Amino acid sequence: MTLIPANFDPGASPAESAGHTADHGAHGNHTLTGFIIFLCSESVIFLAFFTGFAVLKLSALQWLPPGVEGLEWRSPLAYTVVLVSSSGTIALAEWFLKRGSLWGFRAFWLLSMAMGALFLYGQAIEWAGLEFGFTSGTFGGCFYLLTGFHGLHVATGILLMGLMLTRSFRSGNYDGGEQGVVAASLFWHFVDVIWVLLFLLLYVWPA
Amino acid sequence: MTITPFDPGLSEVPQRQPEAPNGWKRYISFNTDAKVIGIQYIATALLFLLVGGLLAMIMRGELITPAADLVDRTVYNGLYTMHGTIMLFLFMFPVLNGLNNLLIPVMIGAPDMAFPRLNAAAFWMVPVFGVILMASFLVPGGPAASGWWSYPPVSLQNPLGHLINGEALWIVAVALSGVSSIMGAVNFVTTILRMRAPGMTLMRMPIFCWTALSAQTIQLIGLPALTGGAVMLLFDLVAGTSFYRPEGGGDPVLYQHFFWFYSHPAVYVIILPVFGVFSELFPVYARKPLFGYKFVAAASLVIVGLSLVVWVHHMFPSGVPQWMRDLFMVTTMLIAVPTGIKVFAWLGTLWGGKLRLNTPMLFALGGLFNFVFAGVTGIMLATVPVDIHVNNTYFVVGHFHYVIYGAATMGVYAAIYHWFPKFTGRMYYEGLGKLHFLLTFIGTNLNFFPMHPLGLMGMPRRVSSYDPEFAFWNVIASLGAFLLGVSIIPFLLNLVSSLVRGERAPANPWNAIGLEWLLPSPPPTENFEANVPTVISGPYGYGTGLPLVEHQEAYERALQQA
């Protein structure tokens, strides 16, 4: 029965469609399609939080909690630069993978992970030094909800990238390219774009 | 990559499997086969239909007399909250996902879903949040009691002050349900977009797949908003934030926006696949092609777009500005256009057809009748003055029960009877099926029609006692509810006895056209396996004599030999 290759995916390369065999777990590789659909859906949850933030801020009688002047923006800006440039390093890593240079891929991939971790470290330092908590009115709640939820995505991204890095050590695994790498990289760009919007909303939009 | 032509000489058409692998145990295990998962979804959903139905009958028992004499008022609050939540999140969505799992792969000629393990994980979350929701009956203070929409500030009260309370469990269960549905939606959309048989262009896809695609797109866009809103509600409830607490500067109406941004489109998530079922069944049992296929397909997409801009019609009395009321009244009324197109397409299909009134057809016709009635009251409710007049009365309850039970659940019954032979390999009993239909149709109208005059008279919803002037219609509604309870008996009896000793089903008992009917009953695990047919014409070619796929005779011959 398996003499005839699966023919439901005319666009797929032979390597991809070979998955249609006895293994019931794989029918062609649609990881990237599925992942893009998931990202579109995931962006709506951020959209919901952003909208909620804007509505609460615009309708607030007193936005900042008493005693809070505003947010310190200089060091968050520095960490923003780190996170945004990691979008460049991850693109470089993919470029190396496309050229078949596994070590170049691994180096820049690891660098991107480290930059993400540095961003999370900066976030933790900032949280520890703030004079308001998540119960300090709607401002406090929104600040911790938005940065926390985004931080969770950064952590997830680092985990995903760690998984892809481990996979690269299995020999022959990434010879024909790997949809998982593309997906992890897309996720990382997504996390970066969300952060830029978040930075504008939280630090740039005047109180 | 070349598309392999099907060679009829090889006779490699899938054969009926003599012994199903793993037997019944696969239905209670982490199985990645879409057909197993589909049956798991439907069985779980039917179990919760019984639970939700039991709660409904307790409520109708309470309402048969004007006094609050059967249950305590606070218990009653928990009853209607849990009834609504169970029926939507544990019956309706799972049963439809069950149909999606069974039908989408066989209809488009795919061996399985795109992500089988994700599919199984999404299913197994259903029993998990089901247990969490049921557990809320056992915690101090009882289950959530603020209605299925959980509006703050009522939902934020937590009078006993426990961290684990009915409301918190309710939010966790609904959030998990959302995650499960998003996982399912990613899977269904990817499968429909990427795994269709050769030659099956989008415009040759059966309407059920169009409606499933549309409904799952709504899930992807709407559910994250509800999940986000629910997370904020949970933090308000257990962590002391004040997103929705007016005393802390929060805005309770913001929650209503989040909730209805998803929960109104959710109605279309429910009704769209049922439109798909109607569109599949009417051509089969009228022996005519579906009237206006292109328009029916396009109307599904128009409904997706419109469904995302109507949610404020649930909030006309919530202090929203007048321009919002006007805008959302117009968008809500516009929804009648694509749905009207569909209704006329079905009428056009039935017109002059050779109707075969068996159980699935009766359920589809009954569902269509009830849907049109619900559509009429829906237009009334879309009008701002009428809506404000009947807001929170039984008129609204009557309207959406006609949609959810009268149209959607009857459509689901129609689908279950229609495809039962295909997926179980057994025929159901026609007599029991017709009895089920008769009791359901009479029970539905007896139960839900009286709610309309009650609402116009001014009886509010969510009350356990009422003015004696409302007694007449309430007694009738309660009798209808008990009749609906009775109607489940022939249904379950039919399912179980047909499974055990029903007549063996042929591959195509209804003489229907569609890829699923070119497979044996039940289909093998991988459906067409390597012999996926090449589709050469659109669906519903009844009376046209056009073959659906290349080498159709070879497939049919192989089925007869099997």
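**Reading helix packing and burial in a predicted model**

Q: How many helices and strands are there in chain B?
A: This is a predicted model. Chain B has 17 helices and 0 strands.

Q: Which share of the residues in chain B is buried?
A: Of the 562 residues, 56% are buried. As for contacts in chain B with a separation of 6 or more, 83% of them are between residues 24 or more positions apart.

Q: Is B:Gly38 buried or exposed?
A: A residue is buried if 20 or more other C-beta atoms lie within 10 Å of its own. B:Gly38 has 26 C-beta neighbours inside 10 Å and therefore counts as buried. B:Gly38 lies in helix H1 (residues 34–63) of chain B.

Q: Which residues is B:Gly38 in contact with, leaving aside its neighbours within four places in sequence?
A: They are B:Gly98, B:Asn101 and B:Leu102. B:Phe123 is 85 residues from B:Gly38 in sequence, and the C-alpha to C-alpha distance between these two is 8.8 Å.

Q: How is the packing of two helices described?
A: Two packed helices are described by the angle between their axes and the distance between the axes. In chain A, helix H5 (residues 137–167) and helix H6 (residues 179–204) pack at about 160°, with axes 10 Å apart. Angles over 145 degrees count as roughly antiparallel. H5(A) and H6(A) are therefore roughly antiparallel to each other, and their crossing is left-handed.

Q: Which residues of H5(A) meet H6(A)?
A: From H5(A) they include A:Phe143, A:Leu146, A:His150, A:Gly157 and A:Arg167. Among their counterparts in H6(A) are A:Gly180, A:Phe187, A:Trp188, A:Trp195 and A:Leu202. The residues of this contact divide into 15 nonpolar, 4 polar and 1 charged.

Q: At what angle do H2(A) and H5(A) pack?
A: Helix H2 (residues 31–59) of chain A packs against H5(A) at about 160°, with the axes 11 Å apart. H2(A) is therefore roughly antiparallel to H5(A). The two helices cross in a left-handed sense.

Q: Which residues make the contact of H2(A) and H5(A)?
A: H2(A) contributes A:Phe49, A:Phe53 and A:Leu56, and H5(A) contributes A:Thr138, A:Cys142, A:Leu145, A:Leu146 and A:Phe149. By type, the residues are 7 nonpolar, 1 polar and no charged. A:Leu146 is named in this contact and also in the contact of H5(A) with H6(A).

Key. Residues numbered from 1 in each chain as written. Chains lettered and ligands numbered in written order. Predicted model: local features only at pLDDT ≥ 70, side-chain atom pairs only at ≥ 80, totals over all residues. Axes fitted to C-alpha atoms, helices over the stretch in contact; angles between N-to-C directions. Helix = DSSP H or I, 4+ residues; strand = E, 2+ residues; numbered from the N terminus. Parallel < 35°, antiparallel > 145°, perpendicular 65-115°, else oblique. Left-handed = near helix turned anticlockwise from the far one by under 90°. Contact = placed C-beta atoms within 7 Å. Nonpolar A, V, L, I, M, F, W, Y, C, P; charged D, E, K, R; others polar. Buried ≥ 20, exposed ≤ 12 C-beta atoms within 10 Å, placed from the backbone.
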